[in-house]
Every structure is written in C-alpha cells, then in structure tokens.
Amino acid sequence: MSKDQENIRFLIQIPKPPVIKPPMHCSVFNKSIKRDYRSNRSCHQTMGYAEVNLNHPSKFLKKHTRVVKRPFVDTLKPEPPNKQCIRRRSRSPKVKGKTNKIERNFLHENIVDVIRKVPPLPKHRVQDSRNGHVMVLDEAGLEPTYVCKKNFGKTPSYIKKILKDKEMEKVAEDERVRAINPPLRYLPEEERMELLKGMKANWDELYTEFLLLPMVTDSVPKINRKARLENQLNNLERDINLLERYPSLYVCDN
C-alpha cells in the first residue's frame, strides 16, 4: 500500500484496558480501634462544673510571693581533716632533696564547698515573640534595680558642689566689677543743666516740625509721621519734668 492511499484501520481508537488495583489493606485491629475511640470519645470534655475548688477572689496572686529566698550559708572553708599531716615550716636551712609538703584532701574540700554553696537564683526571663525569642529583664535594663536606693532620683553631691562653686565665682566676679565700676554715679549740677538745655532745644525743634505738618492727614505716611512726632514730644516732656523736679540724681553709664 502506498503512502497516498488512505487506511481506515488507524481511525478507530483502541480502548485502553482497565487498570485493576490490588485490594486495599485493612488492619485486623480496625474494629477494636473504632470501639475504643467511641468509648473514650467524651472522657476529656470540659463542660460542667469544675472539679477543683477555686480560690477566693481576695487570694489572688501577688507580686514577689513566689520569690525563693535562699538560706544564708557561711562560705568559709573548713579546716583540713588531718591536722597531724600539716607541719610547720622550720627555720633550718633548706636541704636539697627534702621538701616540706602540706598534704591536703582536695576531694573533701570540694565536697564541702559544693554542699555549702548557695544555689543561684533563676533569671527573670520574658518571651516577647511567637518564635521563642527570650529576653533577660536584668540584662536588658527593664528590671527596676536602682529604685530602692536612698539617693535614687537625687542630684549627686559632686554636681551640687560644682554648681555651688560656679555660683560663688560668679558672685565674686560681680562684686569685683562693681567695685571697679560702680553701677550708679551722682549727676553734677553743671551736667544736669547742660542736659536740660539740650533737651529743651530738641523739644523746640520737634515742636517746630510738628507745627509744619499739614492740617489734613488723609494718608498713612502723614498719620505715622504725626504719631511719631507726638510720641517723641511726650518723651522729652517727661524727661524735662524729671530733671526739673529732682536736682539730685544718680545715673547709670550703661
């Protein structure tokens, strides 16, 4: 048969044979397991009254009630058991080949040290994440260990001393400057009259300038100039009145 000729044998699909699976494994104890599961199904239910008597509301858990206080044990090392084997050092000259050794029972000393040793207190730890990260409160600075001290929250004595020394130095410097240059001095009569004469001359000039202002003040610059001149005239009048009223005055050069 040539390639160009058509063959209908290959157009019909051949059905696949079904896959036969082996039988599923069934345990011999299947029925007994189901029976035990049904019988023990409701043995751990928590509905109903509590079987354990609850504490009174006034007996709640308080702070520092579970702190374990270790007994105080003397940490002095005991005397060696065999006193006879300890020899005093003689003052005789040393002889080669002979050395005075002290026999010690290190095993007994270690046992006594372990018995008398105070067990360490457990560290205060807190787990702050769901991944199990543990943080020690004492090492992290979250445990208030310095609150119970007498000088907690107070200024240290050396800082008080430094501040007091600085204040004394400042007072001494002010007194020295005041002794060299007094803050106030007496105003002589000649200087007072000269000052009074100059103030009156300034008042005359300002008053003449004030009289030359226009009668109508219809703009902002005119209003501001008039207010400025009035303010200067009032200040000069007050100073002139003060100099004329009090002949004896003390002034400050600064």
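**Reading salt bridges, a pocket and a patch**

Eight salt bridges are counted in this predicted model.

Visitor: Now the salt bridges. Why can side chains pair?

Guide: In general, side chains of opposite charge can pair when their charged atoms come close. Here, Arg-104 and Glu-109 form such a bridge, with 2.8 Å between the closest N and O atoms.

Visitor: Is Glu-109 buried or exposed?

Guide: Glu-109 has a relative accessible area of 12%, so it is buried, the cut-off for that class being under 20%.

Visitor: Which parts of the chain does the pair Lys-200 and Glu-244 link?

Guide: First the contact: in the salt bridge between Lys-200 and Glu-244, the closest N and O atoms are 3.3 Å apart. This pair links distant parts of the chain, since Lys-200 sits in helix H5 (residues 189-211) and Glu-244 in helix H6 (residues 220-245), 44 residues apart. Lys-200 is partly exposed at 38% relative accessible area, and Glu-244 is partly exposed at 44%.

Visitor: And where do Glu-209 and Arg-225 lie?

Guide: The side chains of Glu-209 and Arg-225 meet in a salt bridge, 3.3 Å from N to O. Glu-209 belongs to helix H5 and Arg-225 to helix H6, so this pair ties together parts 16 residues apart in sequence. Glu-209 counts as partly exposed at 29% relative accessibility, and Arg-225 is partly exposed at 39%.

Visitor: Let's turn to pockets. Which residues line the second largest pocket?

Guide: With a pocket, you can look at the space, then the lining. The second largest pocket holds about 200 Å³. Its lining consists of His-64, Arg-66, Val-67, Val-68, Leu-121, Pro-122 and His-124. By residue class, that lining divides into four nonpolar, two polar and one charged.

Visitor: Last one: which residues form the nonpolar patch on the surface?

Guide: That patch is made of Ile-8, Leu-11 and Ile-12, which together have about 360 Å² of accessible area. Take Leu-11 as the example: it lies in the segment before helix H1 (30-39). Leu-11 has 60% relative accessibility, so it counts as exposed, given that this class begins over 50%.

Technical notes
Residues are numbered from 1 along each chain as its sequence is written. This is a predicted model: local features need pLDDT of at least 70, side-chain atom pairs count only at pLDDT 80 or more; totals for chains, interfaces and linings use all residues. Side-chain values use heavy atoms; hydrogens and water are left out. On a 1 Å grid over the protein atoms alone, a cavity is a set of points where a 1.4 Å probe fits but cannot get out, and a pocket is an open set with protein on both sides within 12 Å along at least five of seven lines; lining residues have an atom within 4 Å of a point. Grid points are joined across faces, edges and corners, and a volume is the space filled by probe spheres set on the points. Ala, Val, Leu, Ile, Met, Phe, Trp, Tyr, Cys and Pro count as nonpolar, Asp, Glu, Lys and Arg as charged, and the others, Gly among them, as polar. Patches are made of residues with over 30% relative accessible area and no salt bridge: like charges are joined within 9 Å, nonpolar side chains (Val, Leu, Ile, Met, Phe, Trp, Tyr) within 5 Å. Accessible areas come from the Shrake-Rupley method with a 1.4 Å probe; for residues, only the protein chains shown count as cover. A salt bridge is a side-chain nitrogen of Lys or Arg within 4 Å of a carboxyl oxygen of Asp or Glu. Helices (H or I, at least four residues) and strands (E, at least two) are DSSP runs, numbered from the N terminus. Buried means under 20% relative accessible area, exposed over 50%, partly exposed in between (1.4 Å probe, protein chains only).
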